[in-house]
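Open the model in your viewer and keep the selection tool at hand. This tour goes stop by stop.

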Amino acid sequence: MAQQPNNPLHGITLEKIILDLEAHYGWEYMGYTIKIKCFTDNPSVKSSLKFLRRTPWARKKVEDMYLNMLDNK
């Protein structure tokens, strides 16, 4: 696998991103910030992974939220 020194998400799984965001913000804030049903209606890691893997625009928003969280720490 090629090195990706300019990619801060390299090596971080989508599941880890969701788990870290949920631990830091909680489902309620995540659903308020990113208006997607998998965060607002009976949220779970499994449903979020399923949706985000099929929906590039939503995944991008979640990844941006994660990078913002890391910058603020």
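Is Asp20 buried, partly exposed or exposed? Asp20 is partly exposed, because its relative accessible area is 23% (buried is under 20%, exposed over 50%, partly exposed in between; 1.4 Å probe, protein chains only).

A note before you go on. This is a predicted model, in which local features need pLDDT of at least 70 and side-chain atom pairs count only at pLDDT 80 or more, while totals for chains, interfaces and linings use all residues. Residues are numbered from 1 along each chain as its sequence is written, and side-chain values use heavy atoms, with hydrogens and water left out.

**Stop 1: around Asp20.** Select helix H1, residues 14–24; Asp20 is in it (helices are DSSP runs of H or I, at least four residues, numbered from the N terminus). Show the side chain of Lys16: it makes a polar contact with the side chain of Asp20, at 2.8 Å (a pair of N or O atoms within 3.5 Å; within protein, one must be able to donate a hydrogen and the other to accept it, and residues adjacent in sequence count only if both atoms are side-chain atoms). Asp20 and Met69 are 49 residues apart along the chain, and their C-alpha atoms are separated by 9.3 Å.

**Stop 2: Phe39.** Select Phe39. Beyond four places in sequence, its contacts include Trp27, Leu52 and Val62.

**Stop 3: confidence.** Colour by pLDDT (the predictor's confidence in each residue, from 0 to 100). The protein chain averages 91, and 95% of the residues score at least 70.

How values were computed
Helix = DSSP H or I, 4+ residues; strand = E, 2+ residues; numbered from the N terminus. Contact = heavy atoms within 4.5 Å.
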